[in-house]
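Subject: A structure to look through

Hello,

Please have a look at it first, and then read my notes below.

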Amino acid sequence: MSECCETGKTSQGKANATGKFNSIARHNQRPCFFVNAATTNQAIFSAFFNSLLGKVLVPINSEPVDLDRDGDLDVVAGSRAETRILWFENLGDMQFARHDIEVSGLPSDARLTGFNMDYADIDSDGRLDIIATAWPGYLVWLRQPVEPDSVWQSHKIGAFDADQLVSVRLADIDGDGDLDAFAGGYSRGPRDNDGADIGVDDPLGRIAWFENPGIAPHEQWIRHDISRRKRGMYDKWLARDLDSDGDLDMVGTRGNSFPFDGVIWIEQVRTNDAQAVFKQARDVDSAQMPLPSNH
C-alpha cells in the first residue's frame, strides 16, 4: 500500500459489497486496486492485496466513481504518456471490464491525460459526463454516449491561455442552481523566487472559475479570473461554506511558491457594491500579474 501511494494519486471508495473501504491508485505502469481483506473495521494495511485492473504508460490518476450509474463504483484512469483516459466497469465479484475512451472534438493541440477530473450530468440526459483538464491550458467536458464503447464528444468549457490549467472542481459558485467549474493553474518558473525575467506571457499560477451558461452547456462558459501570480500551482479544490455566510468558499492546495505553499482557502464575498468576489487574505505574496496578451 505504501509503495503505491508514493508513486501517484490514490482515491478511496467501496468497490465491493463487503462494506469495507478499498483503495484505487496508480502504480508504475498500471492502475491498481487494493482490496481490504481485513476481518474487522480496523485498517490493517498488511491485509490489502493488489488486484491488477490494466496497464498503461505513466498512469497519472485513477478515481472511483459510479460512471454508468448502476449502483457500484467503477474506476476512471488516465495516462500521461499515452495522453488518454479510460474506465474500468465494475461487473461485480471484483471483476472489471476495460473501456478505452475515444474522444472527438478536442482542440487540435489539446492533450487529455486525466490528471484532474470531476463528474456530473452536464446536459441532463441521465448519463454522467466527465469534466477534465487538457494540456496545456484547456478545460473540457466529455459527453458520455449511450453505449460505453462509443465516441465521447468533447465540449470546450474554456481555457487559461498562456497558463497551464491543471485542476477542476464542480460547484454551484454563483448559487443559480447549476454547476460551475473552479480551476487552478501551474506556474512553470522558479519555485523559490518570483524571477525577474518572468513575464506576463509566461505560464503563471492562475485561479479562475467558469460560469455555467445554463440551458446551453455546449457553448463556451464565461471565465471569471480571481488571481494570477508569478508563482503558484493550484491542483486540488473542495467547495465548502467555511464561514457559514450562505455562499461557497474554496479550499485548495498550493505549491511551487515557497514560502507560501500549503493548504489555502478562498473566501467568496457577495455585496451589493461592485468589488472583487474573492478577496486576498495574505499581505505579502508572490507578485500579481495581469492577464496575458492573448487572454
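Predicted model: local features only at pLDDT ≥ 70, side-chain atom pairs only at ≥ 80, totals over all residues.

Residues are numbered from 1 along each chain as its sequence is written, and side-chain values use heavy atoms, with hydrogens and water left out.

Of the 295 residues in the chain, 48% count as buried (buried is under 20% relative accessible area, exposed over 50% and partly exposed in between, with a 1.4 Å probe and protein chains only). Among the contacts with a separation of 6 or more, 48% come from residues 24 or more positions apart (a contact means heavy atoms within 4.5 Å).

**Aromatic residues**

The whole structure holds three aromatic pairs (ring centres of Phe, Tyr and Trp, the last by its six-membered ring, lie within 6.5 Å; planes under 30 degrees apart are stacked, over 60 edge-to-face and the rest tilted). The ring centres of Phe 182 and Trp 237 are 4.8 Å apart and their planes stand at 75°, so this pair is edge-to-face. Distant parts of the chain are linked by it, as Phe 182 is in strand S15 and Trp 237 in strand S18 (residues 237-240), 55 residues apart. Trp 237 also forms a stacked pair with Tyr 234, at 6.1 Å centre to centre and 15° between the planes. Phe 182, Tyr 234 and Trp 237 make up one aromatic cluster. Phe 182 is buried; Tyr 234 is buried with a relative accessible area of 2%, and Trp 237 is buried with a value of 2%.

Two arginines sit over rings: Arg 188 over the face of Tyr 186, 5.1 Å from the ring centre, and Arg 206 over the face of Phe 160, at 4.7 Å. The test asks for NZ of Lys or CZ of Arg within 6 Å of the ring centre and within 35 degrees of the ring normal.

**Backbone**

Most residues other than glycine have a negative phi, and most peptide bonds are trans. Which peptide bond is cis, with omega near 0°? That is the bond from Trp 135 to Pro 136, and Pro 136 lies in the loop between S11 and strand S12 (138-143). The bond from Phe 258 to Pro 259 is cis as well, with omega near 10°; Pro 259 is in the loop between strand S19 (249-254) and strand S20 (262-266).

Thr 83 is not a glycine, yet has a positive phi of about 45°. Thr 83 belongs to the loop between strand S6 (74-79) and strand S7 (84-92) and is partly exposed at 33% relative accessibility. Ala 162 has a positive phi too, near 80°; its place is the loop between strand S13 (152-159) and S14, and Ala 162 is partly exposed at 31%.

**A buried aspartate**

Asp 178 is in the loop between S14 and strand S15 (180-186). Is Asp 178 buried or exposed? Asp 178 is buried, with a relative accessible area of 17%. Leaving aside neighbours within four places in sequence, Asp 178 contacts Ala 171, Asp 172, Asn 212 and Gly 214.

Best wishes

Definitions and conventions. Helix = DSSP H or I, 4+ residues; strand = E, 2+ residues; numbered from the N terminus.
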